Amino acid sequence: MSSLLVVGSVAIDSIKTPFGERGRCLGGSATHFSVSASFLTDVAVVAVIGEDFTAQDEAVFHERRVDTSGLIRIKGGKTFFWAGEYGFDLNTAHTLDTQLNVFADFKPTLSDEHKNAPYLFLGNIQPTLQREVREQSNAKFVAMDTMNLWIDTTRDELAKTIKVVDALIINDAETRQLTGEHNLMKAAKSVLSMGPKMLLVKRGEYGAAFFTKDSYFAIPAYPLEDVFDPTGAGDSFAGGFMGYLSQADQIDDATIRRAIVYGSIMASFTVEQFSCDRLRKLQPNEVLARLDQFQDFTQFDLDPGMGIVVHEELAPGAV
Ligand code: AMP
């Protein structure tokens, strides 16, 4: 049985970045998520594809031993299509085209095995579909993503879905858009008042921040010189995060902090090439090497033993 289940889009993407373009490539929230999570746990995907989805597209899931028994192929249908472009600021994707195709009539039904996966990720799709999956699942920990399209067009449905998950994993622009708050700390408070116990904010090249009602944790992004295509960064972050949690099978502060680091590292590989190309070649020792470096550049000693003080005699009111 898989420990982690993801429902989301399996897509054909068309991508333009300042460094190149790819006309037709494998994409989708569930794709990037499951390929990333597969480095850490057994993962199953629930999604829908059309007849145009090729054996080569599907091979990517098989290479990573992702359980595709929940991947439904619709006869005569076309796979979900997304076209996106990134300008000089690689943190923001501009959607050029979205064709729901087979997703327009998708009614996800979980098998008994999938219902019992202990960890569930509701990848970015229409929020009503996400909730339908949540309602069928017996998972003990559920996280979800969303995007500007659903905040704009289906806000009430989205709020109902956010209410029934443990963790919301979205980017900083989405956090601001969802709450109408510019300040991230205030926006986080507002998100947590909508129901979830945890909020994870993906901040692109600036890293990620984690909020609960009474704790805060943040890390930088892995420092990369060459970011080639940011598509899938968010989903592979979530895949690394949920993959680690499901392997550890423990939800406490220390485990969550480590899971966030794994998420960042998986995302750092994804953005080095188009589609899943980099993760398809990724070796486990490369993940461990980045983990080591990450620990190195985020650690500091509180007291270097040099007797450094903050000068009290210059405190306001002291002179
Ligand atoms: P991200 O990880 O946020 O970069 O998400 C990238 C993936 O999201 C792409 O591969 C797209 O196929 C997928 N995507 C874009 N728009 C939508 C949408 N409206 N619903 C579901 N998936 C989407």
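The model is predicted, so local features require pLDDT of at least 70 and side-chain atom pairs count only at pLDDT 80 or more, whereas totals for chains, interfaces and linings use all residues. Residues are numbered from 1 along each chain as its sequence is written, and side-chain values use heavy atoms, with hydrogens and water left out.

**The ligand site**

The shell holds 18 residues, of which Asp13, Gly28, Asn124, Gly232 and Asp235 come nearest. By class, 8 are nonpolar, 8 polar and 2 charged; here Ala, Val, Leu, Ile, Met, Phe, Trp, Tyr, Cys and Pro count as nonpolar, Asp, Glu, Lys and Arg as charged, and the others, Gly among them, as polar.

Next, display the N and O atoms, for which a polar contact is a pair within 3.5 Å. A polar side-chain atom of serine 9 lies 2.8 Å from a ligand nitrogen. The ligand alone exposes 510 Å², and the protein buries 89% of that (Shrake-Rupley method, 1.4 Å probe).

Colour the secondary structure, taken as DSSP runs (helices H or I, at least four residues; strands E, at least two). Strand S2 (11–17), strand S6 (80–86), helix H5 (148–153) and helix H9 (233–248) each give two or more residues to the shell. The largest share, 3 residues, comes from H9.

**The aromatic pairs**

Now select the rings of Phe, Tyr and Trp (its six-membered ring), which pair if their centres lie within 6.5 Å; planes under 30 degrees apart count as stacked, over 60 as edge-to-face and the rest as tilted. The count is 10 aromatic pairs.

Phenylalanine 228 and phenylalanine 274 are edge-to-face, because their centres are 4.9 Å apart and their planes stand at 80°. Phenylalanine 228 is partly exposed at 25% relative accessible area, while phenylalanine 274 is buried at 7% (buried is under 20%, exposed over 50%, partly exposed in between).

Move to tyrosine 244 and tyrosine 262, a stacked pair with centres 4.7 Å apart and planes at 10°. Tyrosine 244 lies in helix H9 and tyrosine 262 in helix H10, so the pair ties together parts 18 residues apart in sequence. Both tyrosine 244 and tyrosine 262 are buried.

**Charges over rings**

Arginine 64 is 3.7 Å from the ring centre of phenylalanine 39, and arginine 290 is 3.9 Å from that of phenylalanine 269.

Methods. A residue is near a molecule or strand if one of its heavy atoms lies within 4 Å of it. A polar contact is a pair of N or O atoms within 3.5 Å; within protein, one must be able to donate a hydrogen and the other to accept it, and residues adjacent in sequence count only if both atoms are side-chain atoms. Buried means under 20% relative accessible area, exposed over 50%, partly exposed in between (1.4 Å probe, protein chains only). A charge sits over a ring if NZ of Lys or CZ of Arg is within 6 Å of the ring centre and within 35 degrees of the ring normal.
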